[in-house]
Amino acid sequence: MKRITILGSTGSIGTQTLDVVRKNRDKFEVVAISANSSVDLLLEQILEFSPKYVTVYNEESAKKLKDMIPDNINIEVLTSMEGLVKICELDEVDVVLTAVVGMIGLVPTMAAIKAKKTIALANKETLVTAGELVMSEAKKNNVKILPVDSEHSAIFQCLNGERHKDIEKIILTASGGPFRGKKREELINVTKNEALKHPNWDMGRKISIDSSTLMNKGLEVIEAKWLFDVDVEDIDVVVHPQSIIHSMVSFKDSSVISQMGCPDMRLPIVYALTYPDRIETDYERLDLAKVATLTFEKPDMDTFPCLGLAYKALKLGGTYAAALNSANEFLVNKFLNDKIGFYDIPYYIEKTLDCHKNRVNPTLEDILEVDKETRAFLANLLK
């Protein structure tokens, strides 16, 4: 029986994780859950899964949830960053699945690592902003970081039993998002509703926008560098619209190993939660004869400049990736609130990188400060 804390239990990954638990009650126990403010869904989850702790980041929403919980339910309601950290450090927890969106996941994930919890990582921003720090702390505490992103889970599986020195390239696959095949002039005036329509995956709003700009893939490039200890020059991206091959590894003998499956995030979730075992599931089986054709193409970095900006930030090192991530979070929020246009996202990210004051070998405090500075810089710029 694995005992789990789920950060972000009301989001796309969080709800699918609870679906995995629902079908495997003999294998998993949910000890703690968290959300920002979705108290109605949190209450449903509390009544079904009986966690001992819940953290609601928004304090007003936490008060509201307390009033909603029936008197016969014994649960501790926490709030703010302090609450997130506490449910990551609980003695009775084995695995912390971090599925919150944004840089908010960094501090509690670091706390979980220091508490020697296994990390099932679905929060890209943790490694994008502080990859070197996080991986160093994990090594120091002998903590496993098991990727939940379908692409990184695929690479992790492809590398199982292989020697690191034999890796030639890591090849991340991308669906291409809702605008694959479009040119820049066709996308100038696209709306958030058009950008949110992902062709293959059911994702949250922020990640869906990242997919439409290809920033999602850029963040995954940065993640891959830290997760698998490879040089940026050895990470390629290829567009694969069918989303059947989830990623590949090319080896020095010219062989390529891929991991395949139907587009279903529950598969990498259950793999991370049960590793090193595999359990039987009732998920859709891949029928290659039915799929018939798998196609691949190069990403269009002129139409989707965010991917190139991510590579640039990774090559520059220091806190450039943290600045890139904070700028993207800030600007995607503005786009979702109809304050800026689609191409304002890469335009202002590039402005941010051009003006960023880099910190080499940054501390956690440096990275958190860069986040504040970047948001203030853009808020002022957008005035």
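**Cavities, sheet and overall build**

Author: Happy to! Bear in mind that this is a predicted model. The second largest cavity has a volume of about 30 Å³.

Reader: Which residues line the second largest cavity?

Author: Its lining is made up of Thr-213, Thr-303, Phe-304, Pro-305, Cys-306, Phe-342, Tyr-343 and Pro-346. By class, that gives 6 nonpolar and 2 polar residues, with no charged ones.

Reader: And how many cavities of 30 Å³ or more turn up in the whole structure?

Author: The search finds 2 of them. The largest cavity has a volume of about 60 Å³.

Reader: Okay, which residues lie nearest the centre of the largest cavity?

Author: Those are Ser-150, His-246, Gln-259, Leu-267 and Pro-268, out of 10 lining residues. The lining of the largest cavity divides into 4 nonpolar, 5 polar and 1 charged residues.

Reader: Which helix gives the most to that lining?

Author: Helix 7 does, with 3 residues. Helix 7 spans 150–158, and helix 12, at 266–274, also supplies at least two residues of the lining.

Reader: Nice. Switching to the sheet: what is the strand order?

Author: There is an open sheet of 7 strands, ordered 4-3-2-1-5-6-7, and the pairing is parallel. Strand 4 (76–79) and strand 7 (145–147) are the edge strands, each pairing on one side only. From one strand to the next, the twist averages 20°.

Reader: How many bridges join strand 6 to strand 7?

Author: 3 bridges join them, with strand 6 covering residues 118–121 and the two running parallel. One to look at is the bridge between Ile-119 and its partner Ile-145 in strand 7.

Reader: What about helix 2, which strands does it lie across?

Author: Helix 2 (residues 39–49) lies across strand 2 (28–35) and strand 3 (53–56). Relative to strand 2, helix 2 runs at about 165°.

Reader: Zooming out, how many helices and strands are there in the protein?

Author: The protein has 17 helices and 11 strands. Its radius of gyration is 20 Å, close to the 21 Å that the globule rule gives for 383 residues, so the protein is as compact as a globular protein of that length.

Reader: And what box do the C-alpha atoms fill?

Author: Along the principal axes, the C-alpha atoms fill a box of roughly 60 × 55 × 40 Å.

Reader: Great, thanks for the tour!

How values were computed: Residues are numbered from 1 along each chain as its sequence is written. This is a predicted model: local features need pLDDT of at least 70, side-chain atom pairs count only at pLDDT 80 or more; totals for chains, interfaces and linings use all residues. Side-chain values use heavy atoms; hydrogens and water are left out. Two strands pair if DSSP finds at least two bridges between them. Helices (H or I, at least four residues) and strands (E, at least two) are DSSP runs, numbered from the N terminus. Axes are lines fitted to C-alpha atoms, for helices over the stretch in contact, and angles run from 0 to 180 degrees between N-to-C directions. Contact means heavy atoms within 4.5 Å. On a 1 Å grid over the protein atoms alone, a cavity is a set of points where a 1.4 Å probe fits but cannot get out, and a pocket is an open set with protein on both sides within 12 Å along at least five of seven lines; lining residues have an atom within 4 Å of a point. Grid points are joined across faces, edges and corners, and a volume is the space filled by probe spheres set on the points. Ala, Val, Leu, Ile, Met, Phe, Trp, Tyr, Cys and Pro count as nonpolar, Asp, Glu, Lys and Arg as charged, and the others, Gly among them, as polar. The radius of gyration is taken over C-alpha atoms; the globule rule is 2.2 Å times the number of residues to the power 0.38.
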